[in-house]
Structure formats: structure tokens, C-alpha cells
Amino acid sequence: MSREVTLVLTDGRVLPSFHVELPWWQEVAEIIAAAKARFGLDLAILRILSTEPGRPNGGGQVTYLAQGGETPIPEDDHPLRPDYAKQGGPARTLAWAQQALGKRIVNAEQKRTWNLSAIWKLEVEGEAEPVWLKQVPHFFAHEPSVLRYLGQPVLIAAGPEGRQLIANLPGTDLYQADFPTLIAIVKDIVHIQLRAAADLPRLRSLGVPPMISLPPAISSSAPWAATLAARAAACGLPETLVHGDLHPGNVFGTAEQRTIIDWGDSFIGHPAFDIIRLTERLMPADAAAVIAYWSELWRNAYPGSDPIQAIELLRPLAALRMAAVYQMFLDNIEPSERPYHDGDVASYVDIAQRMAPGE
């Protein structure tokens, strides 16, 4: 997959289309570099305007709105549009970052923008390491509080409109984590969750939400959900801080030094949701071994508990939860951004139904 990109500028101009290799719609650094090289323009990408039908979050013909030109044409402000996707939004965010840092930003490279975040890599005067500027929509507003609680990654500052400044981390994302690294990630998350299980009042006071409620359209298809949740709770593991999207790509660093990032999806709930997510794309033998290690850690901490049984009971509920999360995204983003998630709700409901009791 690759993208055929068209840029519509805020002054009304439409630039000739060009090709970029990286398929994922939210990745914009390559687009900005190509616009600079081809047209001599320094742009900021605001949001997608349209995508090629039938493409699930990648590839095809994609049209973006880009901040460019000296006289922007006024546009209607959609009520669900985050500030970073509005005209002037990137400039407002960078101005906040410079004020919060108290130092001059030498270079700001926009890496990503979509309905779930906007991310810049900042080079700051006098600093050897870059600083990361992240901005999230209102439904991820508790993420800075979670980062302060965890201490890693280091939150330098947080501000209005979901803005955050985060210290640089060594390494890279661990999408390709090998088996020993996956085991280390399990140890990391269990360590966090054992601490958090004793800190629930504090976490609630920080605004960490409970697990998302299933909307009627989803819950009506799963009359068994409440029973499975009750049976899983009886397996003896505590409620705790759940990352909510713990795949290896949301772990950054090296095999020896890892940090779990992107806590916007976090909630207070059952820890099995994270191990289900972490192992869902592994080969069966690897998944079983990772789960066995996770289970041993929890049984040692909570003698008499049955972590394996909790996982099996929660697998259909984990899929329903993901459907509810994607429905929440769709309910809180403007129409042009919905192609990112259009097929996800039905897909996860179908997965849940196939795993449901009696199926």
C-alpha cells in the first residue's frame, strides 16, 4: 500500500497530487517533506478531507487540509473538531509549547495528526535531546494525569486543549518485539498494575475513568456480557489501572529499557484486558507461554486466584469493549475523520459473537 496525496491549502489552492510510500493516513512527516521539496512550501497538516472508499486507514487516494497561504479562507468550525485540526491550531500549540519550555524551539517536525492525536518532534535550543509535543482530544483528557502518576514517560508540562510536552525516550517502538521482550513487557505491566490496585481512590480522583459502558446497540447483541463479567470478577484478581491498548507498538525503548506509552485509552478495570490485547496477534504457542507467565505473576501476588479462567471469560468482553471504544470515537469525531474507524465496530462485535458462550 501507498498513498496518492492531494493537499488543499487553507487559502483555497489545491496542489498537484503526489505519491508517498508510507500508507498510514495519520503519518504526515513524509507529506510535509514532499510538499517542501516539490513546492517550496512549509505546511502543517490539519486533517483529512476525504479518502478512497473501501480503504481501512491506509493507502489509496487521500486528500488533506493543510495550513498554507497568507490569507486563509474562513471555514465552518465543526463542533467535534479538536483545536489542532482547526486553522491556526498547530501555531497555537507550538506557541504554547515554547512558552511552557521557556526556551526557543529551533525546529518543529509534525509527525502525525488524526482524530486521536497530533504529534510533533521538537528541537529545543540548548537541549541535546528532542522534546515530544502531543495533543489529544477531550476523551483522552486524563492521559497527563496518568503520566504524572506513572512517572514514565516523563511529562514536562500539560496545558489546555489536550496539550502535553513529553521527554524523549531512547530506542524505538517495539512492534517487532521478540519473545524475551514480550515477557519483559508483561513484567512491566504487572508491576504497574500491582501498585495501581492499591491506589484506586487516587487514580479515580485523577480522572481515570471506569471501563467504557457498552452502548445499547452493542449490549443488546450480548445478553451474556454481564454474567461473564461477574464470573471473571470472581476469579480473584483486583481492579487496577488498565492501559487499554497494550500492543508492542505502544511500548518504546529497547529490549533492556522499556517504557509503556500512549495511556489515553486507560481505564480502571480488570487486568486481563491488557494481556488479551498484548497476545492477540501472537502465534498460539507464544501467546500461551506469555499468558502462562502473566498468570504466574498474578497467582503469586493473589494466591488462590484463577487468572487463566479470567482471561477465557473476558475474551468476548474484550472484543465488545473494543467495539464500544470505536463507537465512542465515531460519536466524537467529525464526519471526514470517520473512515479511520468505520468498519471497526461491526468487526469487533462479530469477533465477540463468535467467541460468545454457546457459539
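Residues are numbered from 1 along each chain as its sequence is written, and side-chain values use heavy atoms, with hydrogens and water left out. Because the model is predicted, local features need pLDDT of at least 70 and side-chain atom pairs count only at pLDDT 80 or more, whereas totals for chains, interfaces and linings use all residues.

The structure holds 22 salt bridges, a salt bridge being a side-chain nitrogen of Lys or Arg within 4 Å of a carboxyl oxygen of Asp or Glu. Side chains of opposite charge can pair when their charged atoms come close. One of the salt bridges joins Glu75 to Arg47, with the closest N and O atoms 2.8 Å apart. This pair links distant parts of the chain, since Glu75 lies in the loop between β4 (60-67) and α2 while Arg47 belongs to strand β3, 28 residues apart; helices (H or I, at least four residues) and strands (E, at least two) are DSSP runs, numbered from the N terminus. Arg47 is buried, with a relative accessible area of 5%, and Glu75, at 31% relative accessibility, counts as partly exposed; here buried means under 20% relative accessible area, exposed over 50%, and partly exposed in between, with a 1.4 Å probe and protein chains only. Arg47 and Glu75 are also linked with Arg81 and Glu334 in a network of salt bridges.

A further salt bridge is formed by Lys134 and Glu143, whose closest N and O atoms are 3.0 Å apart, and both of these residues are buried. Within helix α10, Glu312 and Arg315 are placed three residues apart, about one turn of the helix, and they form a salt bridge in which the closest N and O atoms are 3.3 Å apart. Glu312 is partly exposed at 44% relative accessibility, and Arg315 is likewise partly exposed, with a relative accessible area of 24%.

Arg3, located in strand β1 (residues 3-9), is buried yet has no salt bridge, the nearest side chain of opposite charge being that of Glu30, 4.6 Å away. For this assignment, Lys and Arg count as positive and Asp and Glu as negative, while His and the chain ends are not counted. A polar atom of the Arg3 side chain lies 2.6 Å from the backbone oxygen of Leu22, and a polar atom of the Arg3 side chain lies 3.4 Å from the backbone oxygen of Trp25.

Helix α8 (residues 272-279) is mostly covered, with eight of its eight residues buried; among them are Phe273, Asp274, Ile276 and Arg277. The cover over the buried residues of α8 includes the helices α4 (179-197), α9 (284-301), α10 and α11 (344-355), together with the strands β11 (240-242) and β14 (267-269).

Helix α10 (residues 307-331) also contains Met328, which is in contact with Phe139 and Ile212 when neighbours within four places in sequence are left aside; contact means heavy atoms within 4.5 Å. The C-alpha atoms of Met328 and Pro215 are separated by 9.0 Å, although these residues are 113 residues apart along the chain. In helix α5 (residues 200-205), Arg202 is partly exposed, with a relative accessible area of 43%. Arg202 touches Tyr149 and Arg195, not counting residues up to four places away in sequence, and Arg202 and Tyr149 are 53 residues apart in sequence but 9.3 Å apart in space, C-alpha to C-alpha.

A search of the whole structure finds one cavity of 30 Å³ or more. On a 1 Å grid over the protein atoms alone, a cavity is a set of points where a 1.4 Å probe fits but cannot get out, a pocket is an open set with protein on both sides within 12 Å along at least five of seven lines, and lining residues have an atom within 4 Å of a point. The largest cavity has a volume of about 60 Å³, a volume being the space filled by probe spheres set on the grid points, which are joined across faces, edges and corners. Its lining comprises 13 residues, of which Pro82, Ala85, Trp114, Asn115 and Glu337 lie nearest the centre of the cavity, and β3 (44-51) and β5 (105-114) each supply at least two residues of that lining.

The second largest pocket has a volume of about 330 Å³. Of the 17 residues that line this pocket, Ile32, Leu43, Ala108, Glu109 and Gln110 are the closest to its centre. At least two lining residues come from each of α1 (29-39), α2 (89-101) and β5, and α1 gives the most, with four residues.

Definitions and conventions
Polar contact = N/O pair within 3.5 Å; in protein donor to acceptor, adjacent residues only side chain to side chain.
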